[in-house]
Every structure is written in structure tokens, then in C-alpha cells.
Protein chains: 2
Amino acid sequence: MTEDALVIFTPSGKRGRFALGTPVLTAARQLGVDLDSVCGGRGICSKCQIQPGYGEFSKFGIHVDSEALTDWNAVEERYKSKRGMLDGRRLGCQAKVMGDVVIDVPPESQVHKQVIRKSATQRDIVMDPATRLLFIEVTEPDMHEPSGDFERVVLALREQWQVEAVEADLHILRRLQPVLRKGAWKITVALHKGNHDPHHRILEIWPGFHEGGLYGLAIDLGSTTIAAHLCDLRDGAVLASSGVMNPQIRFGEDLMSRVSYAMMNPGGDVEMTRAVREAINSLAATIAQEAQIDPKAIFEVVFVCNPVMHHLLLGIDPVELGQAPFALALSGSLSLPAAELDLSALNRAAQVYILPCIAGHVGADCAAVALSEEPNKSEQMVLIVDVGTNAEILLGNKDRVLACSSPTGPAFEGAQISSGQRAAPGAIERVEIDSLTKEPRFRVIGSDLWSDDPGFAEATKTSGITGICGSGIIEAVAEMRMAGIVDGSGLIGSAEQVRSVRSVPEGRTHSYLLHDGSADGGPVIHVTQTDIRAIQLAKSALYAGARLLMDEMGVDTVDKVILAGAFGAHISPKHAMVLGMIPDAPLDHVLSAGNAAGTGARIALCNRASRDTIEAVVHDIHKVETAIEPRFQEHFVNANAIPHAVDPFPELSAIVTLPQVSYNTAGAGSEGRRRRRG
Amino acid sequence: MTEDALVIFTPSGKRGRFALGTPVLTAARQLGVDLDSVCGGRGICSKCQIQPGYGEFSKFGIHVDSEALTDWNAVEERYKSKRGMLDGRRLGCQAKVMGDVVIDVPPESQVHKQVIRKSATQRDIVMDPATRLLFIEVTEPDMHEPSGDFERVVLALREQWQVEAVEADLHILRRLQPVLRKGAWKITVALHKGNHDPHHRILEIWPGFHEGGLYGLAIDLGSTTIAAHLCDLRDGAVLASSGVMNPQIRFGEDLMSRVSYAMMNPGGDVEMTRAVREAINSLAATIAQEAQIDPKAIFEVVFVCNPVMHHLLLGIDPVELGQAPFALALSGSLSLPAAELDLSALNRAAQVYILPCIAGHVGADCAAVALSEEPNKSEQMVLIVDVGTNAEILLGNKDRVLACSSPTGPAFEGAQISSGQRAAPGAIERVEIDSLTKEPRFRVIGSDLWSDDPGFAEATKTSGITGICGSGIIEAVAEMRMAGIVDGSGLIGSAEQVRSVRSVPEGRTHSYLLHDGSADGGPVIHVTQTDIRAIQLAKSALYAGARLLMDEMGVDTVDKVILAGAFGAHISPKHAMVLGMIPDAPLDHVLSAGNAAGTGARIALCNRASRDTIEAVVHDIHKVETAIEPRFQEHFVNANAIPHAVDPFPELSAIVTLPQVSYNTAGAGSEGRRRRRG
């Protein structure tokens with residue numbers, strides 16, 4: 001037997017020779033192997049579990065003897081009998097190297113665990129949150145070498161965890177002495193490191209080894225909906241996701257109406273700030289209850305939001321955002337205590353991080369989309385549209401990224417549509433119309449059956465068929481266009497013109513009857529001419545924004561389109577392109593990234609370094625202001641046609657032939673703009 | 001005429017050649033000459049006033065022509081007509097160099113002005129406060145290059161003042177947009193730089209050029225008295241000094257009784273914290289009113305205090321300070337917002353700095369004394385005693401400094417003395433006793449006359465003669481010892497023994513009649529045997545502490561004694577030495593430093609770098625714990641005699657011969673300890 005032995009860690013492959021008797025955790029730390037530990041090697045936390053391999057390892061050219069590690073010791077026996085441990089596992093802090101050995105670090109024992117995230121590119125999140133739990137043993141006071149209890153805590157953190165520059169707020173200092181004595185000079189601290197502050201801040205202290213959780217909230221604060229993910233900051237697991245309506249809706253449906261409310265009503269901004277903070281507190285309490293955790297164990301919150309929501313969350317009057325030059329009070333990221341935002345549901349020391357805004361109309365939500373989808377790393381020219389009440393649009397590749405926002409309005413979310421409703425059970429979400437018979441079939445949220453499938457009536461009995469949600473109206477209008485019920489200018493033809501009794505006159509225009517539920521006491525659901533106009537306005541704004549960025553970039557086509565936003569996940573690429581919502585592209589290059597803003601928030605929550613990353617990326621993004629750009633108006637007008645008055649859609653034409661119809665008769669033509677192009 | 005010219009600044013002597021047309025302020029900045037400016041050279045603030053010299057300067061070998069500077073311009077004319085300017089002065093930002101010139105920077109135009117401070121060494125304070133006012137011009141927002149208003153403020157501070165890493169709290173961000181617009185993109189900011197935080201923090205903003213003041217409070221938070229200096233942070237002037245009783249006195253006279261109160265009464269510490277914070281608020285309001293300034297213009301507060309006051313100010317239960325090992329919750333310095341201490345009288349963003357504590361019994365007040373008196377820079381071995389309810393004692397030189405505290409009790413402040421009172425008009429403060437006649441004469445606060453001077457009765461008519469203050473009782477006891485009324489053991493002799501009817505029996509002991517005011521309805525003022533015992537206990541504790549430090553240092557004598565504390569200023573060195581309060585030393589080497597703790601607080605308030613200095617000094621001070629040191633008891637017992645039972649006092653003997661008397665007769669000897677030595 002030699003004086004030292006070879007230790008090889010998998011999966012990293014890191015290796016080194018260590019004196020016999022070296023604990024595996026010590027070997028791992030010296031090699032920089034990613035092996036977790038909260039208690040610092042005291043056999044308490046069990047985070048350093050490893051799996052030794054025995055026998056022949058021809059890959060490494062070594063043989064691992066059955067006595068390559070020391071025998072089970074009392075600490076491990078006690079831990080296993082109390083908590084249980086998988087067969088073959090050892091505690092890395094207890095097992096000592098006695099011969100050449102191969103040590104596998106299972107994923108759950110890695111500090112920087114990889115967490116799968118949904119994105120168009122399926123990149124993982126590497127866990128490295130700003131707050132972590134550390135167990136320390138503190139030297140007892142000595143009147144001959146006087147120093148404060150806090151200074152000895154700082155010393156313990158430096159010596160036991162190599163942490164420098166530790167600070168604590170008064171509420172921690174006030175509780176420190178009794179907690180240290182209760183824990184017999186052993187305590188667990190929740191330690192926070194912001195990305196602009198050189199200091200580590202103690203957020204919470206517990207006597208002894210604290211086994212409770214450490215949680216964070218990633219919040220996408222939208223004009224309409226506030227959505228939150230509750231994440232376990234130790235392993236990145238999403239324990240619950242929940243959303244509430246933004247109560248500011250009662251002050252105005254869209255952003256500009258809320259800015260107006262603040263302008264017209266002294267103190268109106270204060271009212272809206274209070275309302276949204278209360279809603280966030282209530283959401284935090286609800287989501288904690290859902291996940292069965294104590295909301296006081298939430299130590300981190302990341303917000304992404306548009307600039308108006310951003311200012312109202314911070315209590316800043318958004319009035320300047322309502323008028324040129326749309327000056328933000330501040331555009332950079334912001335780190336601050338949650339208490340300053342009155343987020344009293346969380347731990348009193350919880351820390352908030354708000355992503356940077358890009359411009360007065362392009363917010364931290366767009367920054368979060370960029371963090372999630374990383375256009376700045378793309379080889380291809382990628383267009384990312386985050387569809388909500390406002391659309392955030394990014395275009396670029398690794399050389400250059402452009403951004404703008406476009407006021408699509410709430411039509412894509414089912415608002416301002418005659419039978420529109422939010423996405424909820426009973427809402428029509430998919431539509432198909434037979435080109436020959438002009439008869440529709442559809443699916444509603446809550447059932448996988450089509451309306452002409454057997455059992456559909458039974459399956460939708462509980463929910464009923466209550467209206468059309470955002471994706472449903474998009475599919476309906478696109479299908480109507482493909483079936484020749486709607487012409488290129490957006491006009492619905494008469495029953496005679498389209499050869500279907502489902503086209504019913506309504507004043508001087510027509511509606512298309514999608515579903516008549518009146519026999520069962522349900523609603524009669526039409527797609528009206530006004531609905532078509534609302535969708536046309538929304539999609540024109542979206543397309544014009546994208547087109548403006550393409551002009552600025554000097555490209556006529558894009559390689560890839562990513563649809564983001566909660567709603568983006570449900571848009572059918574084909575229907576979006578028939579409608580001309582997005583530029584022409586090969587259909588298999590149109591991808592959905594789900595709620596990319598929410599994912600971006602989750603990344604910033606779980607990985608501290610990503611905060612620096614997005615701040616640098618945002619700094620390099622070039623912002624294009626749509627509101628004052630004359631070409632935006634031109635693009636907007638041209639995009640009114642379905643799919644487009646001017647731009648060719650060759651990729652779309654290759655798979656779909658749109659009927660060449662026109663319903664703009666002299667008698668029906670009441671709208672000047674359309675007549676000029678009819 | 002050449003292309004450039006020589007510019008010589010006085011008093012610095014800095015010189016350089018500059019292109020013709022260079023403003024004097026620019027030349028000064030390039031040479032690192034200490035010339036003030038708040039407006040950054042815009043002719044608004046007038047802080048950069050300079051005095052050009054004309055004619056022959058043989059010292060520098062140059063001749064200054066009458067046209068060496070450009071003529072008065074409109075800005076200077078306007079300023080002079082509005083505000084006035086001394087003859088011969090120019091504005092450094094307006095006057096441009098046109099030929100060789102000598103420029104004097106008057107003291108009031110220097111940023112780092114020197115402020116005289118009272119100390120044993122008469123060192124000056126160099127002004128460099130943590131908070132200063134800066135005027136900036138901010139770029140207007142541009143929607144094509146979007147950035148937040150705050151980011152453009154940060155940019156202006158960087159470009160116009162070379163300030164990096166600027167932060168602002170939410171309350172500033174909330175007000176920033178209207179203030180910028182009201183000031184037409186010109187604002188004044190109060191900028192704070194703490195000594196542990198790399199960031200500059202904006203504490204306040206004003207539209208345009210703000211001419212208001214910028215003030216700070218240096219607070220000596222004592223067990224008995226809270227004393228504050230209100231300082232102008234621009235020039236260091238002390239605008240007002242004021243004090244109030246510490247209202248915690250109602251919970252206990254001395255420190256340990258307050259700790260006991262906290263231990264015996266749940267929530268007692270909270271009560272005491274609230275009381276002291278309320279008193280500080282009220283003191284701040286009073287002192288601001290006295291100086292006729294707005295208390296909201298107070299942006300900085302520095303506290304010095306003993307450890308128990310320190311913890312109670314911070315809201316930390318002081319219970320651990322009442323029992324060995326006397327563990328401080330924290331010993332380091334502390335920077336925090338005044339709002340966290342509920343100091344609502346000040347500006348809402350005011351910042352607090354608390355000096356570090358040295359040990360569980362040696363507080364930030366002792367650190368402040370060290371900052372003021374700088375024993376660590378002394379070539380001589382210096383003993384510094386800060387006399388209060390607790391005495392803080394420092395001993396050392398540039399090689400090593402020791403510190404301890406000693407529980408003298410309040411006798412030196414006139415408390416626990418039969419006719420004792422606080423230093424106030426009417427209190428006897430000086431005493432002389434004729435050795436032959438044993439007749440006293442005295443002076444009272446409020447009059448410079450001695451009691452046997454003509455007109456004394458008239459002069460003291462208003463105040464009366466009400467009692468004895470701390471310095472009075474010390475002189476009285478020392479004079480009684482010198483006159484042979486009191487023997488070396490502290491016993492007062494009988495009328496027969498001392499040959500004076502002023503010695504009157506009181507039970508089994510005697511008292512000395514100092515003043516009988518009964519004829520005028522005033523008090524009869526005695527020095528009783530109990531008074532002597534109280535002074536003996538106090539002076540023994542003080543001497544024993546000093547002696548313990550001398551043991552530790554390995555010295556038998558000290559080169560210099562500095563008496564600090566508000567009370568230290570009034571102690572007569574001779575009487576202190578007769579009493580054996582302090583070790584024997586040449587009388588002219590016993591100096592008073594006035595309220596050194598208060599001065600230390602003022603230094604930390606006015607000079608940011610001094611905060612780093614004292615933190616480093618405190619780190620190197622070796623603390624000696626008196627409470628558990630057996631030799632302290634021994635020193636204490638030996639120091640009970642007047643001046644001392646064992647230690648020789650050769651310097652004292654050279655100037656004063658103490659009568660060899662002893663009044664310890666068998667019948668009177670009721671005290672065993674004294675009998676053994678009698």
C-alpha cells in the first residue's frame with residue numbers, strides 16, 4: 001500500500017492523488033469537483049452523498065479494491081437509520097480514501113445542478129442562486145480576546161466557507177446572540193450575494209442545522225396577468241406555478257389607459273402601486289400554500305415586466321412613459337429588499353431583483369425573453385415575438401440584436417372580440433373549417449375531442465362551450481380566410497357569396513356562425529366583421545414591428561421565428577402565417593418557446609451570473625422606437641391585408657393556396673381604406 | 001507673449017504651465033490644487049474664489065502683469081452685484097490665465113479645509129465629509145438612445161465629477177423625474193460615500209443649484225448625558241452644541257442597573273431603546289432650532305458611546321454585557337440609515353456611522369478618544385483617562401496601545417455625594433482650604449470670584465450656592481487631605497484632632513462644614529465621611545485600571561497624562577494627583593483634552609478617512625479586562641489610601657508635602673480594612 005491513492009471523480013473526470021485518510025469531500029473540494037455540502041463536512045446535511053465504484057475500471061486503468069474507502073462509521077450509520085440512504089451511497093465527508101477509487105457524484109449531490117428549462121433551444125439552467133444556506137460553527141467569546149459575536153460569525157464564514165465581506169441588517173444583529181447560544185455556537189445562515197454588491201448579506205439565521213427550505217419566486221408581472229413560479233433554490237425544482245389577474249385592470253385595460261389614469265387622477269399611481277403589491281402578496285401566499293411551504297421561507301424574488309408595470313411596482317409615477325420621449329425613471333436592473341415593495345408575505349429580509357428595461361416601451365419582460373432565448377448567441381437570424389397585450393419583438397443573431405415593442409392590444413388574448421374570453425375550460429381554442437362545405441369543427445379547452453367526434457357533447461357538458469379564446473380566434477380567422485369566407489382585405493362574404501348559411505347579415509356586414517348553443521341554453525358564437533377588424537389591427541401591429549426591425553437589420557427574410565408568451569405556446573404556426581402575423585418562413589422553423597419571459601425570470605432567480613449576462617446583453621441591444629417611426633405606419637397599413645398587401649409569402653404559398661376572392665362590392669364598401677385597395 | 005504661461009498656486013506652491021485661456025479652476029484641478037467647486041465651474045456656486053497676486057514675486061522669480069488674468073466677465077459682475085465679493089477676489093472658473101500669475105487659494109475656498117479642534121495635541125481636522133453637494137447638468141432623454149433618467153444622472157456624475165458606482169434609494173427614484181424637469185435638467189445632489197461601501201448613494205436631490213446647508217451631528221451618547229455638536233459639513237464649523245439627560249436614567253443610574261432592568265423586565269430593553277431614540281430626535285430638533293437650520297438638512301450622524309448604550313441604541317438586548325465573558329453582539333463599526341434607528345427628525349435618507357467598540361466594557365466612546373488623542377502616534381508613553389460614570393483608560397505609544405474600562409461610578413460627577421449636584425450655576429467647583437486656619441474658600445459656577453472676594457455674595461445672589469459638583473468635591477477632598485483634615489486612610493479627624501470647629505461629629509464619624517447657607521435659607525454643605533469613601537472608591541477604581549495597564553505595558557511611570565471627558569476639562573491636575581486619581585507625573589505633563597470622545601465623533605463626522613483610521617487603530621488596541629483580573633482587586637485596595645498605600649508619588653512630593661496624620665483611633669476604627677493599614 002502506498003502513502004497516497006488515486007481518486008477519480010465522475011462524471012467530471014477530475015482526478016488527483018491524495019494522502020490516505022483524506023475525506024472524499026476534501027478531495028473533491030481540492031480538485032474543484034462540484035460536490036454539495038451545507039454543513040461543511042460535519043455529517044449533518046447529507047448533501048455530499050457520493051457513489052463509489054468498485055472493481056475493474058479499464059477506462060481509467062485502475063482496479064478499485066473493496067477497501068478503497070474506510071468502513072461505514074457511526075455518523076453514516078446514524079444518518080442512514082434516521083433518514084435512509086440509497087444502497088451504495090456514502091457520505092463524502094465521512095468516507096476516507098484508503099486506496100485508488102472511482103467516485104461518482106450523482107446529480108442531486110452537485111451544487112451547480114442542471115435544471116431543464118423549456119425554451120426553443122432547450123438549454124438547461126445551472127443552479128447558482130444568489131441565496132444559499134450555510135452551516136457554521138462559531139468560536140465562543142473570550143473576554144481576553146474580545147470581539148463581537150457577529151465578528152466571530154463573519155470569521156467562521158470566512159474560514160469555513162471562504163466567504164468575504166459579510167454584512168447583516170439590524171434585525172439579524174438583534175437576534176444573533178440568543179440564536180448563537182440556543183444553537184450552542186452552531187447556526188445555519190441564509191447568505192445572499194447580489195450581483196452589484198461586493199458584500200454578502202445574512203438574510204436569516206437559525207440555531208443549529210436548519211433543514212427547512214429556501215425558496216424563490218420568478219414573477220412575470222403582466223398588464224393583464226401576474227404569473228409566478230415558486231422555485232426551490234436548492235435544486236431548481238418548480239414547486240408550483242400560479243397566476244392572478246392584475247387588479248390594476250380596474251384602472252384601465254391596457255398600459256396607456258393606466259398611464260392616463262395616473263395623469264388624470266392625483267394619487268392614481270399610488271392606488272395602482274398599492275393594488276399590484278397587494279396582489280403579489282396574495283399570490284405569494286397562495287402559491288406557497290399550494291406548494292405547502294411557509295411563505296416566510298421565500299428569500300428571493302425576480303420580477304420581469306413592461307416599463308409601465310415596472311414603474312408602478314416601484315411606486316414611480318409612469319406619466320413620462322405616456323408621452324415622447326418615453327423617458328424611463330431608471331432603465332438598469334434593480335436589487336432591493338422586498339420590504340421596500342411592501343412584500344410582507346415573504347421573509348422580511350427577502351431580496352428582489354428586477355431585470356433591466358431596454359427602453360421606454362421595451363421592458364424587463366423583453367429582457368427576460370432575450371435571456372431565455374438568447375438571440376445574441378444565435379448563428380441564424382431569429383425573430384422572437386412575445387405576444388401579449390403589447391408585443392415585444394427581438395430580431396438578431398450573434399452579431400447584432402434589435403428590439404421594439406408594438407401595441408397589439410388585447411385582441412390576441414380574446415379581449416375586444418364579440419364572443420372572446422380568456423383561455424379557460426369551455427373556450428374554443430382550435431378551429432377547422434371545411435373548404436367545400438364551409439362547416440366548422442372545433443375543440444374547447446378541457447377536452448381533446450373535436451366537436452364532430454363522438455362523445456364531444458358529453459365531454460364538454462360540465463364546462464359548456466362558452467366563447468373563443470385567443471388561439472381560437474386566430475385559427476378561426478385564418479380558417480375563414482383559407483375557406484374563402486373572408487377575402488384578402490378581411491371582409492366576410494355574404495351567404496350567397498360564400499355559399500353557406502353560416503354567413504349571416506349583421507347590419508351592413510356579415511358574421512360567421514361558429515356554434516349555436518341556444519338549444520342547450522348556451523351562447524351563440526359568431527365571428528363578426530368587427531372581430532376580424534380587431535384581429536387585423538393586432539396582427540398588423542405585430543407584423544409592422546417585426547418588419548421595422550427587418551428594415552433596420554437590412555434583411556427581407558428571417559431564418560427562424562420563435563413565438564413566446566403564455567399565448568405563443570398555443571398559436572399554430574400555419575394559422576399565424578396565413579393571418580400574416582409573422583413574416584413568411586419555413587413552417588418547421590417557427591417554434592414556440594412557451595412563456596419565455598417567465599423562463600427568463602426563473603433563470604435570473606436560479607443563476608446569479610445570468611443577471612450580469614442579461615445586463616450586458618441589454619446594454620448591446622439596439623432599440624427601435626415604433627411610435628414615431630413613419631415607416632411603422634406604412635408597414636402597419638400594408639399588413640392589414642390577410643396575409644399581406646405587398647410582401648410575398650412564398651413559404652406559405654408552397655403549402656397553402658389561399659382562395660382569390662373579393663367581397664368588396666360597391667354597396668358593402670363602407671370603409672374607405674379597404675376600398676382603395678379592393 | 002508666449003503660447004502658455006506659468007501658474008503658481010499658494011499656499012501649496014504647486015505650479016505648472018498652461019495654455020493661454022485656461023480657466024484658473026481647470027489649472028488648479030490639473031495640478032491637484034485643493035480648490036472647491038460645487039457647481040463644477042459654471043459660475044453659480046462661487047466656491048472657487050481665488051486671489052491673484054500682481055507685481056514682482058522674487059521668491060518665485062516672476063513678474064505678474066496686471067493683465068495676467070482675463071478681465072472681469074458678466075458672470076463675475078452678476079455674482080458680485082448680487083452676493084458681494086471681497087476686493088481682489090475672482091471666480092476661479094471664470095478668470096482665465098493670460099500670463100504668468102501667482103494665485104492664492106484662501107482657506108474658505110479649499111475643499112479640504114482645516115478645522116481647529118481642541119485636543120491635548122491641537123491637531124486640526126481636515127474637512128472631507130462622507131456627504132457632499134454636487135451640481136450636475138443631466139442629458140435630456142432621447143428616445144432613439146433610450147436610457148433611464150437615473151442612468152443619465154449617473155453618467156453626469158461620472159463625467160462631471162469623476163464619481164463611479166452611484167446608487168439611489170426608491171424614494172429618490174420616485175422623485176427624480178419631476179425634479180429633473182423642474183430644474184430644466186440641472187440638479188444638485190447630496191452624495192454619500194460610506195467607508196465600507198464601494199457605492200456612492202444619492203441621499204437627496206434638488207432642482208437647479210441648491211444653496212441650502214448640509215449638516216451633521218456628532219453625538220456622544222453617554223449613560224448620563226447625550227451631548228451633540230451640530231456641524232456644517234461644508235466648512236466644519238460647529239454651529240451649536242447641546243446636551244440632554246439620557247432618559248434611560250429612570251431605568252437605572254449606571255450601566256449595570258440598566259442591564260439588570262433589561263434582564264428583569266421582559267421588553268425592558270425595547271423600552272430603553274425607544275426612550276433614547278426619542279431623546280436623540282428631540283435633541284436633534286432642539287439643536288437645529290438653536291442653530292436656526294432645518295433638521296431635515298442633517299444628513300450625517302456619528303455616534304460614540306459605551307457598549308451598553310451602543311446596544312440599546314441599536315435595539316440589541318444588552319444582557320450579554322452584564323455577565324462574563326461580556327460578549328458584544330457586534331464590535332465593528334456600523335454604517336446604516338438613520339431611519340433604521342427611527343431618527344425621524346433628520347433627513348429621511350440621513351446616514352449613521354457608529355465607531356467600533358474595543359471590548360465588552362470598552363466602547364466606541366473610548367475609540368473616539370483614541371481617534372482624537374492619537375496615543376498610537378505618541379513618541380511618549382501617554383495615559384489617557386476619560387472620566388465619566390465609567391472611566392475609559394488608554395495607555396500606550398506608537399508601539400503599542402492598551403485599553404480598559406473601570407467602573408468608577410458616578411461620584412466624580414457629583415452623584416452619590418451628600419451635597420453633590422451636576423455642574424450648573426450655583427455649584428461649588430473650586431475649593432481651597434488654608435492649612436493653618438482650616439478655613440475654606442470656594443468658587444461657584446457662574447462667577448469668577450472666590451467666596452472671600454468682595455462682591456461674591458452679590459455675584460452669586462441669583463444662582464445661590466446649591467451644592468458641590470464633580471470637580472468641586474475632588475478639590476475639596478484633596479484640599480482636606482493637604483490641610484490635614486483627612487488622613488492618608490481617608491478618615492476625617494475630629495474638631496479636636498484637626499483643630500477646627502468645621503469638623504462636626506456625625507454618628508461615629510465626622511463631616512467638614514464647607515458652607516452654611518442656612519442664614520439665607522440656603523443649604524448647609526458638608527463633606528461627609530461617606531462622601532470621602534465614595535470618592536475613594538471612584539478614584540481607586542480609576543487608579544487601579546491605569547495601574548493594571550501599566551503592569552501589562554511593563555512600565556512604572558508614564559510620560560504624560562491626558563484627562564478627557566467633559567469633566568476632565570475641569571479637574572485640577574494637582575488635586576487629581578493629591579487624591580491619587582492618576583499615577584504620579586510631572587504636573588505640567590498632565591493635560592486636559594476636553595470632551596475628547598465628542599471631538600473624536602466630530603473628526604469621524606468631518607473626515608471620512610478617519611473612519612478607516614480608527615477602525616485600524618481599534619483593531620490593534622490590546623484590551624485588558626479589569627473585571628476578572630485578580631491584580632485589579634489588589635491595585636484597587638492599595639489605591640484606597642490618599643494618595644496611595646504603596647506607590648511612591650515623587651513628582652507630587654516635590655511640590656506638595658502631605659501632613660503625616662492618622663485619625664484611626666481604637667474607638668473610631670469601625671472599618672477593618674483601614675485598621676489593618678492604620
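Predicted model: local features only at pLDDT ≥ 70, side-chain atom pairs only at ≥ 80, totals over all residues.
Local features are given where pLDDT is at least 70, side-chain atom pairs count only at pLDDT 80 or more, and totals for chains, interfaces and linings use all residues. Residues are numbered from 1 along each chain as its sequence is written, while chains are lettered from A and ligands numbered from 1 in the order in which they are written.

**View 1**
Of the 678 residues in chain A, 52% are buried; a residue is buried if 20 or more other C-beta atoms lie within 10 Å of its own, exposed if 12 or fewer, and partly exposed in between, with C-beta atoms placed from the backbone.

**View 1. The contact between chains A and B.**
The contact takes 36 residues from chain B and 36 residues from chain A, two residues being in contact if their C-beta atoms, placed from the backbone, lie within 7 Å. On the side of chain B that touches chain A, the elements giving two or more residues are helix 3 (149–161) and helix 4 (170–182) of chain B. Helix 4 of chain B gives the largest share, five residues. By class, this side of chain B has 20 nonpolar, eight polar and eight charged residues (nonpolar: Ala, Val, Leu, Ile, Met, Phe, Trp, Tyr, Cys and Pro; charged: Asp, Glu, Lys and Arg; polar: the others, Gly among them).

**View 2. The relation of the two copies.**
The same surface serves both copies, as 100% of the contact residues of chain B recur in chain A.

**View 3. Helix 3 of chain A.**
Helix 3 (residues 149–161) of chain A has 13 residues and reaches 18 Å from its first C-alpha to its last, close to the 18 Å expected at 1.5 Å a residue; the expected span is 1.5 Å times one less than the number of residues. Its buried residues include F150(A), V153(A), V154(A) and L157(A). An α-helix has 3.6 residues a turn, so residues three or four places apart point the same way. The cover over the buried residues of helix 3 of chain A includes strand 10 (131–137), strand 11 (166–168) and helix 4 (170–182) of chain A. Q162(A), with a positive phi near 55°, follows helix 3 of chain A.

**View 4. Loop backbone in chain A.**
The peptide bond from T10(A) to P11(A) is cis, with omega near 5°. P11(A) lies in the loop between strand 1 (4–10) and strand 2 (15–19) of chain A. S46(A), in the loop between helix 1 (24–31) and strand 3 (49–53) of chain A, has a positive phi of about 65° although it is not a glycine. S46(A) is buried, with 22 other C-beta atoms within 10 Å.

Key
Helix = DSSP H or I, 4+ residues; strand = E, 2+ residues; numbered from the N terminus.
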